[in-house]
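Please keep the sequence and the structure in view while reading.

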Amino acid sequence: SETMKVKVRTKDVRLSMPVPVSLAGWAVRWIPERIFEKMRENTPEPYRALITKEAVSMLMRECVEVWKENKGLEMVHVQAQDGTFVSVWSMICKFL
């Protein structure tokens, strides 16, 4: 099945993991809430309210078909001023 790579980077956390596209929502649930909190701290209104696990999960569910058709495309990239970021992109390879 097709896979995506989820990357999370903060001052204290570096996480990069391949995830089957079918498990997109599950992957977001494993991102620590403190990472979303940190990103919200450095994000201006009205965008602050959009940086939630629920919003990122919804984006990922809506984008599954686009990912399957566009290998290597980064679909989510959220970055705070302090360098904290979450990036999700479709990998070119497939797991067997």
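How exposed is Glu-33, in terms of its relative accessible area? In this predicted model, Glu-33 is partly exposed, with a relative accessible area of 33%.

## The pair of Glu-33 and Arg-40

Glu-33 forms a salt bridge with Arg-40, and the closest N and O atoms of this pair are 2.9 Å apart. Whereas Glu-33 is partly exposed, Arg-40 has a relative accessibility of 18% and therefore counts as buried, the cut-off for that class being under 20%.

## The other salt bridges

A search of the whole structure finds 3 salt bridges. One of them joins the side chains of Lys-38 and Asp-82, with an N to O distance of 3.6 Å. This pair links distant parts of the chain, since Lys-38 lies in helix α2 while Asp-82, 44 residues apart from it, lies in the loop between β3 (74–79) and β4 (85–94). Lys-38 counts as partly exposed at 34% relative accessibility, and Asp-82 likewise counts as partly exposed, at 41%.

The side chains of Glu-45 and Arg-48 also meet in a salt bridge, at 3.3 Å from N to O. Here Glu-45 counts as exposed, with 52% relative accessibility, whereas Arg-48, at 29%, counts as partly exposed.

## A nonpolar surface patch

Leu-23, Trp-26 and Trp-30 form a nonpolar patch on the surface, and together they have about 340 Å² of accessible area.

Definitions and conventions: Residues numbered from 1 in each chain as written. Predicted model: local features only at pLDDT ≥ 70, side-chain atom pairs only at ≥ 80, totals over all residues. Heavy atoms only, no water. Patch = residues over 30% accessible without salt bridge, like charges linked within 9 Å, V, L, I, M, F, W, Y side chains within 5 Å. Areas by Shrake-Rupley, 256 points an atom, 1.4 Å probe, with all protein chains shown as cover. Salt bridge = Lys/Arg side-chain N within 4 Å of Asp/Glu carboxyl O. Buried < 20%, exposed > 50% of the residue type's maximum accessible area, 1.4 Å probe, protein only. Helix = DSSP H or I, 4+ residues; strand = E, 2+ residues; numbered from the N terminus.
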